[in-house]
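Please view the model alongside the text.

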Amino acid sequence: MACLFLAFLFVFAFIANEAVYENEVSFDKKIMHFLSIHSSATTIELMRGFTFLGSFYFLLPAYGILIGHFLIRKKNAYAINIFIMAASSTIILFTLKQLFHRQRPLLPLIKDISGYSFPSGHALSAFIFCSIVCYIIGKGSLHSIWKWIFILLLQIVSVTIGISRIVLNVHYATDVIASFCLGIAWVMACFAVLKKWD
């Protein structure tokens, strides 16, 4: 487990060094070119819908409902741990954005985009939220087949949210990939530290 944690952190650091500090953009350009020639108007509108699922406007109420649900059910440990994971990942996200200062791609397909590009807040936040829900589903009483179906669907949604940020030209592919690596490492760390949920 520790080796996987370190491996994902290493990949994140490697991408940060190559893409941000060394300004190696050939990979990003290839991905953006590929997506631009394969994205129809319908695809772009669909990606707008997915990108909303990774936004503050969706995730804040979603976290509120999730935390409120466990508070009502007197499962305070769940509520506290969910709050800690959400708050800590947000602090890390904005700290890293200020540290790396990577500018966003030109000509985004969404209006009023601000802030720095690396790492992707939507990709990181969506992955962590979906991972929390996956953990809750895994601890639940559903049949194992349904658990795996829902977990798979949630992870597909989180990956699609990340892809939507590239399709909409508001993030580079390396922003999104690095965010997923950071998200995996942070989820692993949180689940290891916050062992007592019940």
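## Terms and model

The model is predicted.

## Ring pairs overall

A pair of aromatic rings is described by the distance of the centres and the angle of the planes. Rings pair here if their centres lie within 6.5 Å. The count comes to 12 aromatic pairs.

## An edge-to-face pair

One of the pairs joins Y63 and F129. Their centres are 5.0 Å apart, with 85 degrees between the planes. Over 60 degrees counts as edge-to-face, so this pair falls in that class.

Y63 lies in helix α4 (residues 56-72), and F129 lies in helix α6 (residues 121-139). The pair therefore ties together parts that are 66 residues apart in sequence. Y63 has a relative accessible area of 11%, so Y63 is buried. F129, at 12%, is buried too.

## A stacked pair

Y135 and F191 have ring centres 4.7 Å apart. Their planes meet at 25 degrees, so the pair is stacked. Y135 lies in helix α6, and F191 lies in helix α8 (residues 173-193). This contact ties together parts that are 56 residues apart in sequence.

Are these two residues buried or partly exposed? Y135 has a relative accessible area of 22%, which makes Y135 partly exposed. F191 is also partly exposed, with 22% relative accessibility.

## A ring cluster

Ring pairs also form a cluster. Its members are F12, Y21, F100 and F118.

Methods
Residues are numbered from 1 along each chain as its sequence is written. This is a predicted model: local features need pLDDT of at least 70, side-chain atom pairs count only at pLDDT 80 or more; totals for chains, interfaces and linings use all residues. Side-chain values use heavy atoms; hydrogens and water are left out. Rings of Phe, Tyr and Trp (its six-membered ring) pair if their centres lie within 6.5 Å; planes under 30 degrees apart count as stacked, over 60 as edge-to-face and the rest as tilted. Helices (H or I, at least four residues) and strands (E, at least two) are DSSP runs, numbered from the N terminus. Buried means under 20% relative accessible area, exposed over 50%, partly exposed in between (1.4 Å probe, protein chains only).
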